[in-house]
Amino acid sequence: MQLLLQSLTLALLNGAIYALMAMGITFIASIMRIINWSTGEFYMVGSFAHLALLTVIFPALGLTLPMAWLLSALLAMGLVFVLGMVVQRTLIAPMHRPGTQAFEYATIMTVALSVLLQNGAIMIAGPNQYSVPDYMRPILLEDLEIVLNGSRVASGLAALAIILLFYVLLYRTSLGLAFRGIAQNRLAAETAGLNLKTMDMLAFGIGTGLCAVAGALLAPVFLVHPLNGAAATMKGFEIIVIGGIGSLGGAVVAAFGLALVEGLGATFYRAELQQLYGFVFLIGFLVFRPQGLFGHRERRV
Amino acid sequence: MISSILQIRCLSKRFGGTHAVREISADLQRGQIYGLIGPNGSGKTTLINLISGFYAPDTGEIILDGEELTRRKPYELAGLGLVRTFQMPKTFASLTVLENVLLPVAGDGRSESLDAMRDAAFDALATTGLTGMAQHPAGSLSGGQAMLLQLARALMCAPVKLLLLDEPFGGVAPALKERITHTIRQINERFQATVVLVSHEMSTIRALCSNVIVMGNGQVIAQGTLDEVSASPEVVAAYLGKPV
Amino acid sequence: MDFELSGKLAIAAAAAAFLTATATSAMAQANATPVNIGVLTPLSPPGDSAAGQLIVRGAELGAKYVNQRLGGVWNSTCPAPGPVNIVKGDDSGLAEKGMAALRSLVTNDKIAGVLGTYDSTVALAVQPLAEQYKLPLLVTQASDDKISGNHTKFTFMTHTIARDRSDVVEAFIKSYGFKRVAILAENTDYGTSSGPDMQKRFVDGGMSSQLWIFDKTNPDLLPTLLQVKKFAPDVIYNMGVGAPAYLIVKQSADVGLLPKTPMIISYDLPIRPEFWRNLGELGKNMIFLSYYQPKQVLTDAGKWLQEEYRKSYNEPALYSSLAAFGNTIVLAQAMNAACSTEGEKVSGALVKGGFTSWNQTGVAFKQSDGVDWQRSVQPIMVLQYTKANQGFGDATILYPPNMKTGELVR
Ligand SMILES: Nc1ncnc2c1ncn2[C@@H]1O[C@H](COP(=O)(O)OP(=O)(O)O)[C@@H](O)[C@H]1O
Ligand SMILES: [Mg+2]
């Protein structure tokens, strides 16, 4: 009972973070019609930016704030948002012409980018692992005999808040409407007067920013090192395939679903197979519902 | 006051061996509604696509109200007051009808919030008779309603200088044809917009258009009132498929 | 296939050999050409370039020691003394790059011996090349037991192998009376071979022990640790390497295993500067294995290195540097003993032994059975921190008994 409660809570917290990463991937995919294979590396860059801000730059500025971690994580998101836009404009946009051969290269470019970022990080930061101080003390639920890592709780809640904000951006602002229009039909959106070049750049920045803030929030839990994005990439892609490529709602539901399947499987069956549960879940979907939870049977690309 | 709004000079477009538009030159006047007719395959859609920036011309230039259009992006043209509809209506199926109408405003960087533009949007919906459908997804509209939705969207791109309509009546229920005609008139009157209407329905052309341009084989073969052009032997020949 | 040299050909060959031999020795005497020693180590990603850097530093200081204190190679007893010189080769932690780099060291730099390998895959890949070139290869920090198990003539194993580590952990756990051992191992070669081996040793020793093998790429170990908690161990053997080692510590605390249950980390991760920054209070009573503790007794050469290293780099030397330093001076001593830089002769001298490294005297590479072929055994210590943010030099030595400096803190 206690184990069940603990793993359910964990699944909920993990789910929120997974959702953040998956939304980053699926958002870029639905706007730009490319899969960003460097997702995990933006997650990694986010975690390093957070590490630098929280443990070097803030102390150097004499900044001591309550919840400094949240400010730092949001700043890390902002930095990667800008980095993402620069990368999109300089490396991806020149190849990103839908309907041409070059379009394929835009996806390949994201693969190259992941290698570049990873090696760059090893070069700059070395192969060692770093962490940031815990965000909150552990939370002890005496009656239930449950201990929850404060950082997990804090980062899970922050992730939920960011997901909510992202939904507000999408469904309550004119920018969000423009994004939803482009996701539906790029050509029609362009005739309606939307500048796809700018919108693509913004979308790439936002998508990578979402992955980055996940990495930043998880820094005290999953550490900061050049290879910490690998799991993020894998989880992210499992989720978007399960949820249906291009479906944000699907990504959110699939994120929580995956976290639940993994958590319960690993706690009550065999822990070393944890990564495998996700794959089984994924393969189940590919066989019985290849378009994912909320996807359309054909991809419009 | 009659003044020139669109000048086309020596415009050509080839697709492989097909010379879809050959060296067309034309001068359209502000506030006029032009009928663009011609047999299937005569190049009407290609001409519309060239003017609206979907195709880059092989040669020639297009000047709208003093602005050279040829190397501009489609989204920039919307900002210059050039609006078009598609033969197969392009709507955003999972957005609501209201959101579809608001979309052009979302992209133009104006500081007004969506809320501020809502009145204009409802106004456009009223003109097109879609008010009742405002909160429905656009995917649930019939073909004719979708065409009206494209026109409602055009109403939001104010001020419209040039409206290009590619067969807006194709497969539309008669009751809605009336509404479409009404909306075209509205746009024409409200903005002094020039309209180019591609259609096969001579009665509508007669009712709406003061001036008709006839295309055949990628060229303009006649221009004038409907009665004038119908009398032209070249037009008759083109419609009968005979060489001139 | 046999064949006899015809008379003329044999004479010509002998003459050529004679000429080459005299020419080279004359050249050596004329210029006292430095003897090049290669350091083949990871200096760029994906290799662990930080470790490679430390290895290079140790080797360079080793050369300095040889030149200043031992008078170069071939001194007093042999003619033509010469200084030794270190030449770097970057293997990037990759077998094929290592092979290419070694070929270049041999053909372009004419090295007389090589040391420095850090990754087992690289060591195993260059081992046949060393045979082919008759080049003494001192394996500095690779630990695969196939390296010595292959019984090759020119490979000399100076690092510990998995078995040494397992022996020490087993002996330590027995001597401190632990009864329930939880083992957490990665799904890598290291984890899947050593993990089950450790469990078997504990169970054979009458303890109860359970093994969890986790996915190295999965940062979320809580479900595993919840199972560990159910097992209620009285000691946890943390076999994670790098990030997982930290994750096990942090997440053990999340489920309440730490700080109550003692934990052993299987290598010297806790001596890294970021250990305390990453773990803070959680690192307080951490037990770990190490080949070195700054306060241990060193040879004179070892002390010299400590001092020189601090002077040059303004920080204490770590094991990688010490090991490379030791390899360099042992190799030079062997050349000296052989009065030669010829691979065959140097190898012979290494087998005979009697050399001094940074922590041991009488270093030899006996051709013993199995994995002990041409291998000099490194002592391994079990250390424990007793305070948060404690310096590495203040960690208690718990094991081996003859080096013990304090009691286990629980
Ligand atoms: N994208 C295209 N690729 C190749 N040929 C085309 C393309 N668009 C139009 N055409 C050809 O150009 C000619 C004119 O077509 P179109 O402009 O669609 O005529 P209309 O609209 O008057 O029926 C036709 O022969 C058509 O097959
Ligand atoms: Mg047409």
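## Close-ups of a three-chain model

About 2700 Å² is buried between chain C and chain A, with carbon and sulfur atoms giving 54% of that area. Buried area here is the accessible area (1.4 Å probe) that two parts lose on being put together, summed over both. Everything you see is a predicted model, where local features need pLDDT of at least 70, side-chain atom pairs count only at pLDDT 80 or more, and totals for chains, interfaces and linings use all residues. Residues are numbered from 1 along each chain as its sequence is written, chains are lettered from A and ligands numbered from 1 in the order in which they are written, and side-chain values use heavy atoms, with hydrogens and water left out.

**View 1. Where chain C meets chain A.** On the chain C side, Pro45(C), Leu226(C) and Asp254(C) lose the most area to chain A, together 19% of what that side buries. The contact (heavy atoms within 4.5 Å) takes 34 residues from chain A and 28 from chain C. Two pairs of chains touch, and the A and C pair has the most contacts.

**View 2. Where chain B meets chain A.** Here 18 residues of chain A are in contact with 20 residues of chain B. Look for Tyr75(B), Phe92(B) and Leu103(B): in chain B they lose the most area to chain A, together 31% of what that side buries. The area buried between these two chains is about 1800 Å², and carbon and sulfur atoms give 69% of it. And chains B and C? No contact joins them, and their closest C-alpha atoms lie 38 Å apart.

**View 3. Chain A as a whole.** Chain A has twelve helices and two strands (DSSP runs numbered from the N terminus: helices are H or I, at least four residues, and strands are E, at least two). Reading from the N terminus, the order is α-α-α-α-β-β-α-α-α-α-α-α-α-α. Its radius of gyration is 19 Å, close to the 19 Å that the globule rule gives for 301 residues, so chain A is as compact as a globular protein of that length. That radius is taken over C-alpha atoms, and the rule is 2.2 Å times the number of residues to the power 0.38. Of the 301 residues in chain A, 58% are buried (buried means under 20% relative accessible area, exposed over 50%, partly exposed in between; 1.4 Å probe, protein chains only).

**View 4. Zooming in on Ser131(A).** Find Ser131(A) in the loop between helix 4 (101–125) and strand 1 (139–141) of chain A. With a relative accessible area of 5%, Ser131(A) is buried. Leaving aside neighbours within four places in sequence, its contacts include Leu51(A) and Pro220(A), plus Lys250(C) and Asn278(C) over in chain C. Leu202(A) is 71 residues away along the chain, and its C-alpha atom is separated from that of Ser131(A) by 30 Å.

**View 5. Zooming in on Glu262(A).** This residue is found in helix 11 (residues 248–268) of chain A. Is Glu262(A) buried or exposed? At 1% relative accessibility, Glu262(A) counts as buried. Apart from neighbours within four places in sequence, Glu262(A) is in contact with several residues, among them Tyr18(A), Lys235(A) and Tyr277(A).

**View 6. Chain C as a whole.** Chain C has 13 helices and twelve strands. Along the principal axes, its C-alpha atoms fill a box of roughly 85 × 50 × 35 Å. Of its 410 residues, 57% count as buried.
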